[in-house]
Amino acid sequence: YKEGIPPLKCGGTGERDNGNGSLMRILPILFYLQSVYGTEFYEIEDAFDIVHNVSSLTHGHKRCYVACGIYIMVASKLMGEADLDTAVGYGVHKAMEYYKKKKEFQSELKYFERLMDACFKDLPEDEIKNSGYVVDTLEAAIWCLLNTNDYKTCVLKAVNLGSDTDTVGAVVGGLAGLRYGYESIPKKWRDTIVKKDYIENLCDGLYVSLLSK
């Protein structure tokens, strides 16, 4: 960007550019999409384009786009569905329904086949990887969410997978936070957040700004 490259062209587009950085920071766009398009935002073509554009600031490969799209869809369903398995399954299904219709994404769908498998939740832990690769991180986050029943256990399970612990903790923490609520985060954890007041003020500001959309 400093060298004059347009923001939406800054993200790497090569095979080796499929890191998990945009997945880690994509969640806030969900609240924007819901405020502009409503809870059924995924029926609007522009909604997925916005998700992809936000990813492209740092990660411009289509595999990262799909991972972010799936994550946002799962996150949206966690806010509305009573049953966890149903919410996750429906979120993955709706995202893949969109991408299957798009010729430019069809070559990427094979990388997400395990998430579409009804038995994904039952995979043994040693088959879940937690690397910096975007697909691994997405799988690890969703698997941990499906195999736990509260925020603390979910996040600890993800972090204890090892490897890229900070990122998977953030990715699964976003989903678990939506599912179980802010108060479900252990107070001891919340109280140790650096610049907690600053972060909470940012969150409040985002909420207020979205009310005017």
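In which helix is Trp143 found? Trp143 sits in helix H7. The model is predicted: local features need pLDDT of at least 70, side-chain atom pairs count only at pLDDT 80 or more, and totals for chains, interfaces and linings use all residues. Residues are numbered from 1 along each chain as its sequence is written, and side-chain values use heavy atoms, with hydrogens and water left out. Helices are DSSP runs of H or I with at least four residues, numbered from the N terminus.

Trp143 is buried, at 4% relative accessibility. Buried means under 20% relative accessible area, exposed means over 50%, and partly exposed lies in between, for a 1.4 Å probe and protein chains only. Contact means heavy atoms within 4.5 Å. With neighbours within four places in sequence left aside, Trp143 contacts Phe120, Lys121, Leu123, Pro124, Glu125, Ile128 and Lys157. The side chain of Trp143 also reaches the backbone oxygen of Leu123 at 3.0 Å. Ile44 is 99 residues from Trp143 in sequence, and the two C-alpha atoms are 28 Å apart in space.

Helix packing comes next. Two packed helices are described by the angle between their axes and the distance between the axes. Axes are lines fitted to C-alpha atoms, for helices over the stretch in contact, and angles run from 0 to 180 degrees between N-to-C directions. H7 (residues 134-146) packs against H8 (residues 151-159) at about 140°, with axes 9 Å apart. H7 is therefore oblique to H8. Angles under 35 degrees count as roughly parallel, over 145 as roughly antiparallel, 65 to 115 as roughly perpendicular, and the rest as oblique. In this pair, Trp143, Cys144 and Leu145 of H7 meet Cys154, Lys157 and Ala158 of H8. By class, the contact has five nonpolar, no polar and one charged residues. Ala, Val, Leu, Ile, Met, Phe, Trp, Tyr, Cys and Pro count as nonpolar, Asp, Glu, Lys and Arg as charged, and the others, Gly among them, as polar.

H7 also packs with H5, at an angle of about 155° and with axes 10 Å apart. That makes H5 roughly antiparallel to H7. Leu84, Asp85 and Val88 of H5 meet Ile142, Leu145 and Leu146 of H7. These residues divide into five nonpolar, no polar and one charged.

Lys94 is placed in H5 (residues 84-100). Lys94 counts as buried, at 12% relative accessibility. Beyond its neighbours within four places in sequence, Lys94 is in contact with Tyr42, Glu43 and Met73. Its side chain makes a polar contact with the side chain of Glu97, at 2.9 Å. A polar contact is a pair of N or O atoms within 3.5 Å; within protein, one must be able to donate a hydrogen and the other to accept it, and residues adjacent in sequence count only if both atoms are side-chain atoms.

Arg190 belongs to helix H10 (residues 187-191). Arg190 is buried, at 11% relative accessibility. A polar atom of the Arg190 side chain lies 2.9 Å from the backbone oxygen of Ile185.

Two loop residues complete the picture. Most residues other than glycine have a negative phi. Ser163, in the loop between H8 and helix H9 (165-180), has a positive phi near 60°. Ser163 is exposed, with a relative accessible area of 62%. Lys195 has a positive phi of about 55° and lies in the loop between H10 and helix H11 (196-211). Lys195 is exposed, with a relative accessible area of 62%.
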